[in-house]
Amino acid sequence: MSLLSEGRWNLTAVVMAAGLSKRMGADKLQLPLNGKPLFTYVLELVAQMPFAARIIVTNQPEIAAYAKAHGLAVVPSPDAALGMGHSVAAGAQAVDKDTAGILFINADQPFVAQNVVEELCKVFAQQDKIIVPCVKGRPSSPCIFPMRFCAELCALTGDKGGRQVYEKHPNQTFFAEQDRIESFTDLDCPEDYLPYQKSDCFGKQGETVSRR
């Protein structure tokens with residue numbers, strides 16, 4: 001598959017930022033991390049990468065305003081409280097059907113590295129399948145879906161999100177094992193967040209200290 005054209009990837013990146021942070025007990029995307037709100041890291045990463053289009057799914061005005069300022073289209077998820085599947089569907093419904101695929105990335109993964117995302121995009125171009133990164137056999141995010149699965153993504157409900165689709169299509173799914181564990185760290189609960197709360201967890205170039 002030819003994915004790179006005129007310096008852009010023919011992919012739409014969809015940032016998922018409509019969760020209710022039930023396990024954290026507070027709005028995790030607004031928590032401070034190295035002097036910035038947690039949500040800004042993934043948003044800025046997506047904004048600087050050469051995707052054909054960029055979307056964020058969120059119901060928060062502050063996140064929406066920040067996203068617009070960085071060139072992302074904002075899509076609300078009115079049924080977010082009913083489960084992640086509804087938010088994934090909202091994002092998929094906003095994607096231009098001429099794109100080759102959709103990359104879904106969670107806003108609570110502030111340590112994801114650009115070269116990790118680039119490698120997943122290259123794997124997608126080679127495989128033309130659903131690409132799911134795995135860390136020690138555990139599926140993670142970001143995932144990439146070819147557009148032939150868009151109708152299924154648009155119809156999702158419930159709590160599982162895109163997993164509902166790739167579990168139905170094991171022969172059309174490529175699990176890409178990863179060794180950059182820090183890139184796939186998501187901050188879901190206080191135990192995840194507290195070790196980073198007061199530490200300088202980023203280096204001068206935005207890399208986590210533990211990656212260096």
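Colleague: Which residues does Val 117 touch, not counting residues up to four places away in sequence?

Modeller: Bearing in mind that this is a predicted model, Val 117 touches Leu 45, Met 49, Phe 51, Leu 103, Val 112 and Pro 142, once residues up to four places away in sequence are not counted.

Colleague: And which residues of the largest nonpolar core touch the most other members?

Modeller: That core has 34 residues, and those touching the most other members are Val 15, Phe 51, Ile 56, Leu 103, Val 117, Cys 121 and Ile 144. Several elements each supply at least two residues of this core, including strand E2 (8–16), helix H1 (39–48), strand E5 (51–57) and helix H4 (114–127). The largest share, six residues, comes from H4.

Colleague: What lies apart from that core?

Modeller: Another core lies apart from it, made up of 26 residues, among them Ala 90, Ile 130, Val 132 and Leu 156.

Colleague: Back to strand E2, then: is Val 14 buried or exposed?

Modeller: Val 14, which is found in strand E2, has a relative accessible area of 0% and is therefore buried. Leaving aside neighbours within four places in sequence, Val 14 is in contact with Ile 55, Val 57, Gly 91, Val 95, Ile 102, Leu 103, Phe 104 and Ile 105. The C-alpha atoms of Val 14 and Phe 104 are separated by 4.9 Å, although these two residues are 90 residues apart along the chain.

Colleague: New topic: how many salt bridges are there?

Modeller: The count comes to five salt bridges. One of them joins Glu 119 and Lys 122, whose closest N and O atoms are 3.5 Å apart; both residues lie in helix H4, three residues apart, which is about one turn of the helix.

Colleague: Which parts does the salt bridge between Asp 128 and Arg 148 tie together?

Modeller: The side chains of Asp 128 and Arg 148 meet at 3.3 Å, N to O. Asp 128 lies in the loop between H4 and E8, while Arg 148 lies in the loop between strand E10 (143–146) and helix H5 (150–154), so the pair ties together parts that are 20 residues apart in sequence.

Colleague: What about Thr 99, where does it lie?

Modeller: Thr 99 lies in the loop between helix H3 (84–93) and strand E7 (101–106), and at 7% relative accessibility Thr 99 counts as buried. A polar atom of the Thr 99 side chain lies 3.2 Å from the backbone oxygen of Asn 10, and the side chain of Thr 99 also reaches the backbone oxygen of Gly 101, at 3.4 Å.

Notes:
Residues are numbered from 1 along each chain as its sequence is written. This is a predicted model: local features need pLDDT of at least 70, side-chain atom pairs count only at pLDDT 80 or more; totals for chains, interfaces and linings use all residues. Side-chain values use heavy atoms; hydrogens and water are left out. Helices (H or I, at least four residues) and strands (E, at least two) are DSSP runs, numbered from the N terminus. Buried means under 20% relative accessible area, exposed over 50%, partly exposed in between (1.4 Å probe, protein chains only). A polar contact is a pair of N or O atoms within 3.5 Å; within protein, one must be able to donate a hydrogen and the other to accept it, and residues adjacent in sequence count only if both atoms are side-chain atoms. A nonpolar core is a set of buried Ala, Val, Leu, Ile, Met, Phe, Trp, Tyr and Cys residues joined through side-chain atoms within 4.5 Å. Contact means heavy atoms within 4.5 Å. A salt bridge is a side-chain nitrogen of Lys or Arg within 4 Å of a carboxyl oxygen of Asp or Glu.
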